[in-house]
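Please look over the model shown below before reading on. The briefing then takes up its sheets and its nonpolar cores in turn.

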Amino acid sequence: AVRKTDSIVFLAMSDSHHTGEQSDTGWQSLTNLGNLHAGMAAKVLSYGLDLDFVCHLGDLTFGHGTTTSALLHQQVGEMNLWLDEAWKGIPRFQTVGNHDTGMYAVSNGTEAALESNDYLFSAFGKYCEGAVYGSETYGYCYRDFESKKLRVICLNTSEGENLAGYDAAYVCSPDQLLWFAQTLRDVGSREDAADWSVLVLGHYPLDYLGTHPASAVVKAYVEGGSTTQSGTTVDFA
């Protein structure tokens, strides 16, 4: 009823916390049934609307302290199976949440190691195919929708959990922050930049705990200032 020719229409989902075959959750059957219905709803909306893109913003899994790696893979696999059916042929973004990395299983002693970067990219980052990757290891990327004059930037706000040398959760690395700043500057320096919009996706909002440095990059961009990451200064003036 309200859609116009220049409307941007997308479907966003997040925090499914799918339990799959894990039976110690206390709410396994209700969560699994709810997620099945969410997948069905996504399919109905995908058929009923001409969606520009779709996204799942992380925490596909229950991913708790008792979630083994095998259970985590089963949980992710089942959710992705439903989303693959619902979103076939639609531009898609998918990013890692803190429950998806295996962090809680490691801190609980259930598993000895976090999920590998190769696995996380295969389960999340690969679904952004068609976008321009800043990293094919950590999956952050952007995609331009020229007809809508829209750049969608998909960050990995759980990168710090699986990045060598980092032990703080929720952080974007200096490399990702530099890429983020350069990606903003790139769209902001277009001749028709005033006609463009930017949408930033991520599991965490950019003003949450360790994601504040990404929020500072946005502030500098909006105000026409500058930011320095990894020794490189990006000037937005």
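This is a predicted model: local features need pLDDT of at least 70, side-chain atom pairs count only at pLDDT 80 or more; totals for chains, interfaces and linings use all residues.

Residues are numbered from 1 along each chain as its sequence is written, and side-chain values use heavy atoms, with hydrogens and water left out. Helices (H or I, at least four residues) and strands (E, at least two) are DSSP runs numbered from the N terminus, and two strands are taken to pair if DSSP finds at least two bridges between them.

- An open sheet of 3 strands has the order 1-2-3 with parallel pairing, and its edge strands, each pairing on one side only, are strand 1 and strand 3 (92-94).
- The twist from one strand to the next averages 10°, where axes are lines fitted to C-alpha atoms, for helices over the stretch in contact, and angles run from 0 to 180 degrees between N-to-C directions.
- Strand 1 and strand 2 (residues 53-56) run parallel and are joined by 4 bridges, with Leu11 standing opposite Val54 in strand 2.
- Helix 2 packs on this sheet, touching strand 1, strand 2 and strand 3, and its direction makes about 165° with that of strand 3.

**The nonpolar cores**

- A nonpolar core is a set of buried Ala, Val, Leu, Ile, Met, Phe, Trp, Tyr and Cys residues joined through side-chain atoms within 4.5 Å, buried meaning under 20% relative accessible area (1.4 Å probe, protein chains only).
- The largest such core has 20 residues, of which Leu11, Val76, Trp87 and Phe124 touch the most other members.
- Strand 1 (10-13), helix 2 (69-86) and helix 4 (117-123) each supply at least two residues of this core, and the largest share, 6 residues, comes from helix 2.
- Leaving aside neighbours within four places in sequence, Trp87 is in contact (heavy atoms within 4.5 Å) with Leu11, Met13, Ala42, Ser46, Val54, Cys55, His56 and Arg92.
- A second, separate core of 18 residues includes Tyr142, Ile153, Cys172 and Leu184.

- An open sheet of 4 strands has the order 4-5-6-7 with mixed pairing, and strand 4 (132-133) and strand 7 (197-201) are its edge strands, each pairing on one side only.
- Strand 5 (residues 141-145) and strand 6 (residues 150-154) run antiparallel and are joined by 5 bridges, with Phe145 standing opposite Leu150 in strand 6.
- Helix 5 (residues 174-188) packs on this sheet, touching strand 4, strand 5, strand 6 and strand 7, and its direction makes about 180° with that of strand 6.

Notes:
Buried means under 20% relative accessible area, exposed over 50%, partly exposed in between (1.4 Å probe, protein chains only).
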